[in-house]
Number of protein chains: 2
Amino acid sequence: MDIKSLIRTIPDYPKPGIMFRDITTLLSDADGARDAVRALADPFRDQKIEKVAGVEARGFIFGLAVAIELGVGFVPIRKPGKLPFDVIGEDYALEYGTDRVEMHLDATSHGERVLLVDDLIATGGTALAAANVIDKLGGNVIACAFVVELPDLGGRKRLESTGHRVVSLCEFEGD
Amino acid sequence: MDIKSLIRTIPDYPKPGIMFRDITTLLSDADGARDAVRALADPFRDQKIEKVAGVEARGFIFGLAVAIELGVGFVPIRKPGKLPFDVIGEDYALEYGTDRVEMHLDATSHGERVLLVDDLIATGGTALAAANVIDKLGGNVIACAFVVELPDLGGRKRLESTGHRVVSLCEFEGD
């Protein structure tokens with residue numbers, strides 16, 4: 001299954017000059033969606049992963065499916081104010097302004113081996129903030145796995161330079 | 001596996017008097033999360049489901065996992081302005097004001113048999129709006145499946161009165 005061929009490119013979204021990589025066409029394909037989940041899990045089947053974490057909102061789509069594929073539980077990483085229990089968070093810079101991700105205090109702890117999953121890595125800002133929150137809780141981020149990588153935006157380098165392993169299923173150059 | 005026992009109740013969230021049913025404790029339990037996904041899929045294994053649809057954000061968590069369990073694709077139903085391709089939407093009333101859900105125009109069509117999945121049914125407003133958008137696209141909503149049902153809030157009656165089948169894995173009375 002060629003996962004990349006199932007991803008639709010939408011020019012000039014959300015603004016002129018941006019080539020948006022749309023995973024909904026992959027998700028709606030039964031074989032493609034299943035194979036993407038398996039491919040996200042494959043590098044980690046012998047890595048003793050204990051939790052999968054996924055970032056709101058599109059990271060939620062793959063997160064639980066990958067967790068079940070690996071036989072572990074799933075923990076959500078959310079935008080501010082969305083989680084009902086006690087939380088810890090991390091702010092991160094956007095092009096303009098800042099954003100924040102939060103996790104429940106009991107989401108992970110004590111060196112638990114966590115796989116972070118999201119649909120796409122661009123600059124890596126969200127993923128790095130998510131990894132930092134897992135770190136704060138005492139979890140051990142074994143790797144960050146993405147369906148789509150936009151290598152020109154430098155996210156892999158940024159995550160790797162902070163000691164994180166990065167895996168992606170396909171790349172789109174020139175973004 | 002007693003799914004209900006894995007759901008945490010948080011009193012007075014998001015405001016005094018509300019008993020919030022927190023599914024993150026279910027999700028983080030490997031056996032509980034897997035069993036919930038299987039239980040959501042079980043009633044529909046012989047129902048020739050062709051797509052699973054899930055509503056942003058917590059419906060995304062279960063949606064793809066249930067779709068893979070049933071061997072079909074997944075389509076996301078999102079808040080306004082989040083989907084990159086051409087969309088159709090439906091407004092619905094909240095306690096104060098209105099909200100809206102949107103789907104891609106190519107998400108479903110031509111009588112396709114769709115299972116709608118979400119984490120929780122309260123008043124049923126979001127689910128009914130989501131089912132209406134699927135209808136507008138020509139999809140056939142076979143059922144709406146939820147992990148948690150709050151029967152006192154009337155969502156099941158509301159959906160059933162509009163011809164929709166409702167399935168839930170557990171109920172919390174008195175909400």
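Modeller: We may begin with definitions. Two strands pair if DSSP finds at least two bridges between them. Helices (H or I, at least four residues) and strands (E, at least two) are DSSP runs, numbered from the N terminus. In this predicted model, local features need pLDDT of at least 70 and side-chain atom pairs count only at pLDDT 80 or more, while totals for chains, interfaces and linings use all residues. Residues are numbered from 1 along each chain as its sequence is written, chains are lettered from A and ligands numbered from 1 in the order in which they are written, and side-chain values use heavy atoms, with hydrogens and water left out.

Colleague: In which sense do E3(B) and E4(B) pair, and over how many bridges?

Modeller: Strand E3 of chain B, residues 51–55, pairs with E4(B) in the parallel sense over 5 bridges. Ala53(B) lies opposite Val75(B) of E4(B), and Gly54(B) has Pro76(B) as its bridge partner in that strand.

Colleague: In what order do the strands of chain B form their sheet?

Modeller: The order is E4-E3-E7-E8-E9, in an open sheet of 5 strands with parallel pairing. Strand E4 (73–77) and strand E9 (166–171) of chain B are at the edges with a single partner strand each, so one side of each has no neighbour in the sheet. On average, neighbouring strands of this sheet are turned by 20 degrees against each other, direction ignored. For such angles, axes are lines fitted to C-alpha atoms, for helices over the stretch in contact, and angles run from 0 to 180 degrees between N-to-C directions.

Colleague: Which helix packs on this sheet?

Modeller: Helix H3 (residues 58–70) of chain B does; it touches E3, E4, strand E7 (113–121) and strand E8 (140–149) of chain B. The direction of H3 makes about 140 degrees with that of E7(B). Contact here means heavy atoms within 4.5 Å. Between E7(B) and E8(B), which run parallel, there are 8 bridges, and Leu120(B) has Val148(B) as its bridge partner in E8(B).

Colleague: Which residues have the most contacts inside the largest nonpolar core?

Modeller: A nonpolar core is a set of buried Ala, Val, Leu, Ile, Met, Phe, Trp, Tyr and Cys residues joined through side-chain atoms within 4.5 Å. The largest one has 72 residues, and those with the most contacts inside it are Val52(A), Phe62(A), Leu64(A), Leu115(A), Val52(B), Phe62(B) and Leu115(B). Leaving out residues up to four places away in sequence, Leu115(A) touches residues including Phe44(A), Val52(A), Leu70(A) and Ala145(A).

Colleague: How is an aromatic pair described?

Modeller: A pair of aromatic rings is described by the distance of the centres and the angle of the planes. Rings of Phe, Tyr and Trp (its six-membered ring) pair if their centres lie within 6.5 Å; planes under 30 degrees apart count as stacked, over 60 as edge-to-face and the rest as tilted. There are 4 aromatic pairs over all chains. The ring centres of Tyr13(A) and Phe20(A) are 5.2 Å apart with planes at 85 degrees, so this pair is edge-to-face. Phe20(A) is buried at a relative accessible area of 16%.

Colleague: What rotation superposes chain B on chain A?

Modeller: Copies are superposed by least squares on the C-alpha atoms of residues with pLDDT of at least 70 in both. A rotation of 180 degrees with 0.0 Å of shift along its axis superposes chain B on chain A, with RMSD 0.0 Å. That is the relation of a two-fold axis. In chain B, the C-alpha nearest the axis belongs to Ala65(B), at 2.2 Å. Of the interface residues of chain B, 100% are also interface residues in chain A, so the copies meet through the same surface.

Technical notes
Buried < 20%, exposed > 50% of the residue type's maximum accessible area, 1.4 Å probe, protein only.
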